Amino acid sequence: MRKTLNEYIDKIKKLPIKDKYTKEELLCEDFLIEKEGNIEIYYAPHNEYVNPKAKVFIVGITPGFQQMSTAISQARKSLEEGDSIEDIQYKCKVAGRFSGSLRKNIIGMLDEVKLNESLGLDSCKELFEGSDHLLHTISMIPYSVFVKENNYTGYTPKLVKSEFLMKYVYENFTEVLEVLVDKGILKDEQILKGFPHPSGANGHRLVQLRENKDNMIRIIEAKVSK
């Protein structure tokens, strides 16, 4: 199930060079990894670069279509420029990680819980720019998942109850974070619980942030002080 950029170079090269693609251009047989019922999984190239020195680890559920499109657009341009595979993987990571409104929302919320202050940054925006050596982003499912061609949100079906989706989590991410805590692989205090999903579709994110803000600040301060 693990897919890499090398397998998709020829297919990406067939695409026109552009900043954004349509679903008709990308949600096609060339990029389809697997499907079950109305759930489809498509390749996205921005979860292959790994930053082992990161201090901040942001975990998403799965890249949405905008992230998929942005990453493939970057890969197409980089292939045209003759970049190495390693450089392309890094550039796709930089371009695609929480791209669009997701990135703006997540930066604002991270600043709200004062992660920037604990890291000595003016804003967590710097994590996606000059201080990205501090950041690693990953998705539990590293490829883009769609239900009836709509972005998968972790529900309908619920992620942990879908064997079809969880096999990607187990292979590519080991296990859901809560399971990692239960097994003693991660410590509970390493996880910023209560952090809302940054999608604009989550209309409750600001309420959730306010409700959990004080506790998240305590988690961050306690972690940094150790």
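**Disulfides.** I looked for disulfides (a pair of cysteine sulfur atoms within 2.5 Å) and found zero in the structure. This is a predicted model, where local features need pLDDT of at least 70, side-chain atom pairs count only at pLDDT 80 or more, and totals for chains, interfaces and linings use all residues. Residues are numbered from 1 along each chain as its sequence is written, and side-chain values use heavy atoms, with hydrogens and water left out.

I checked Cys92. Its closest cysteine sulfur is in Cys28, 17 Å away, so the two are too far apart for a bond.

I then looked up burial (buried is under 20% relative accessible area, with a 1.4 Å probe and protein chains only). Cys92 is buried at 0% relative accessibility. Cys124 is buried too, with a relative accessible area of 0%.

**Second largest pocket.** I noted the lining (residues with an atom within 4 Å of a grid point, on a 1 Å grid). The volume, the space filled by probe spheres set on the points, is about 210 Å³. Of 13 lining residues, Arg2, Asn47, Ile138, Pro142 and Asn172 are the closest to the pocket centre. Strand β4 (135-139) and helix α7 (163-173) are the elements that each give two or more residues to this lining.

Note on methods:
Buried means under 20% relative accessible area, exposed over 50%, partly exposed in between (1.4 Å probe, protein chains only). On a 1 Å grid over the protein atoms alone, a cavity is a set of points where a 1.4 Å probe fits but cannot get out, and a pocket is an open set with protein on both sides within 12 Å along at least five of seven lines; lining residues have an atom within 4 Å of a point. Helices (H or I, at least four residues) and strands (E, at least two) are DSSP runs, numbered from the N terminus.
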